[in-house]
Amino acid sequence: MSRARILLVGGAGVFGSRLALGLAATVDADVLIAGRDLAKAQKAARDTGSAGALSLDRASAKVANIAALNVRLVIDAAGPFQGADLSFARACIAAGADYIDLADARDFVDAFPSLDAEARAKGVHAITGASSTPAITHAVLDVLTAGWTRIDSVHAGISAGNRAPRGRSVIEAILAWVGAPVRVFTDGRWQEKPGWSGTTRRRVADTGRRRFALAETPDLDLVPKRFAAREDAVFTAGLELGVLHGGTALIGRLRRLGIIRDPRPMAGMLQRMATLVHTFGSDRGCMFVEAIGRDANNRPTRAEWTLAAPAVEGPFTPTLPALALARKLIAGEPVEPGARPCVGILSLADLEGDFARHGLNTEIVRERLTGPFEMALGADFARLPTAVQSSHSQ
């Protein structure tokens, strides 16, 4: 029986090349690297031990182009997905191939379920957002909040080390929403806030204090939908160096003032400028997911999951959900056909083996929170009737 074939679009990029390495190491399939630049695709195929390379532009690829390759699975790691249409995913579905992407674009992921009927009719799987957000955040939240009676707030964030490689598509993706109005559920209601605003500092594991600001990702919609947080459902991102994080915030302010209309054409210039400070900071990335609410015993609780990446390994993190999902599909594990975001599909256990393989250190910390009435009454609080304790342990 011939081996399954996987088409990896964007396999020469920062994330695509790392996903290619993971596929070669853990998936029983032949991987074809595809990209607009054939020479780059061929080099990436050699460097990652992939089966071959070909020239393909996802913006113009047709059903016949994909069907002729006889691939079982197509993975789109090209990006940026902000403002992109669904034509390539639709062509893959029509060609009868399973489809996975690493999209973190809110608009793209939100529109993706419109392909569900087409995917079901073909009996194929089309999964979007198999990346840090929303796939990892939801796998983590499923564990953190299992059995909880109520979720009050969810905060998540990701920060790359300054020395980590920066692909132009990633910079363009961020610039798409920096300074633009971002709809976010916070303070118990939907509001519009500027992208990359509200910077806070937070210590994540042993990576030091990092800066985080509001980021527009699919989680801003999907977390309120799946977990019904009562007060906040916020995703943030940050840059390790203050000069770069603050510079990005400045671009956002200039956009709000109308001085800059669309910062995306600045991506190349900003990428070159970032190389001037490339030797500063670290190449350690980190991520956190925090939930506050009431546990299975209706007690006020805070739970936090953190991930800290060692040097060099951080850029592998966003590729790991796509890798785990590819293994499932190639192995024929039961996954319901259709088109949908990568939430409720992967468990944290599905990812932990790859976390360990790359030396990504993860930890879950849980703590019981003390409400004001409990603090005021001290030991006397425990003498109150259970119903009174429950209603006053906010």
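Of the 394 residues of the protein, 53% count as buried, meaning under 20% relative accessible area, with exposed over 50% and partly exposed in between (1.4 Å probe, protein chains only). This is a predicted model: local features need pLDDT of at least 70, side-chain atom pairs count only at pLDDT 80 or more, and totals for chains, interfaces and linings use all residues. Residues are numbered from 1 along each chain as its sequence is written, and side-chain values use heavy atoms, without hydrogens and water.

**Overall fold**

- The protein has 15 helices and 16 strands; these are DSSP runs numbered from the N terminus, with helices as H or I of at least four residues and strands as E of at least two.
- Along the principal axes, the C-alpha atoms fill a box of roughly 75 × 50 × 35 Å.
- Among contacts between residues at least 6 apart in sequence, 73% join residues at least 24 apart. Contact means heavy atoms within 4.5 Å.

**Surface and charge**

- The protein exposes about 17,200 Å², and carbon and sulfur atoms supply 53% of it. Areas come from the Shrake-Rupley method with a 1.4 Å probe; for residues, only the protein chains shown count as cover.
- There are 47 positive and 41 negative side chains, and the centres of the two sets lie 4 Å apart. Lys and Arg count as positive, Asp and Glu as negative; His and the chain ends are not counted. Each charge is placed at NZ of Lys, CZ of Arg, CG of Asp or CD of Glu.

**Helix α1**

- Helix α1 covers residues 14–26, 13 residues in total, and reaches 19 Å from its first C-alpha to its last, close to the expected 18 Å. The expected span is 1.5 Å times one less than the number of residues.
- Its buried residues are Val 14, Gly 16, Ser 17, Arg 18, Leu 19, Ala 20, Gly 22 and Leu 23.
- Those residues pack against β1 (4–9), β2 (29–35), α2 (38–48), β4 (73–76), α12 (320–331) and α13 (348–357).

- The end C-alpha atoms of α12 are 16 Å apart, which agrees with the 16 Å its 12 residues should span.
- Because 10 of its 12 residues are buried, α12 is largely enclosed by the rest of the structure. Among the buried ones are Pro 321, Ala 322, Leu 325 and Lys 328.
- Gly 332 follows α12 and has a positive phi, near 75 degrees.
- Ala 130 lies in the loop between β6 (125–128) and α7 (132–144). It counts as buried because its relative accessibility is 0%.
- Ala 130 and Ala 322 are 192 residues apart along the chain, yet their C-alpha atoms are separated by 4.9 Å.
- Not counting residues up to four places away in sequence, Ala 130 touches residues including Pro 321, Ala 322, Leu 325 and Cys 342.

- Val 182 sits in strand β8 (residues 181–186) and is buried, at 0% relative accessibility.
- Beyond neighbours within four places in sequence, its contacts include Arg 106, Trp 177, Glu 192 and Leu 214. Val 182 and Leu 214 are 8.4 Å apart, C-alpha to C-alpha.
- Gly 208 is in the loop between β10 (200–203) and β11 (209–214).
- Leaving aside neighbours within four places in sequence, Gly 208 contacts Arg 202 and Arg 203.
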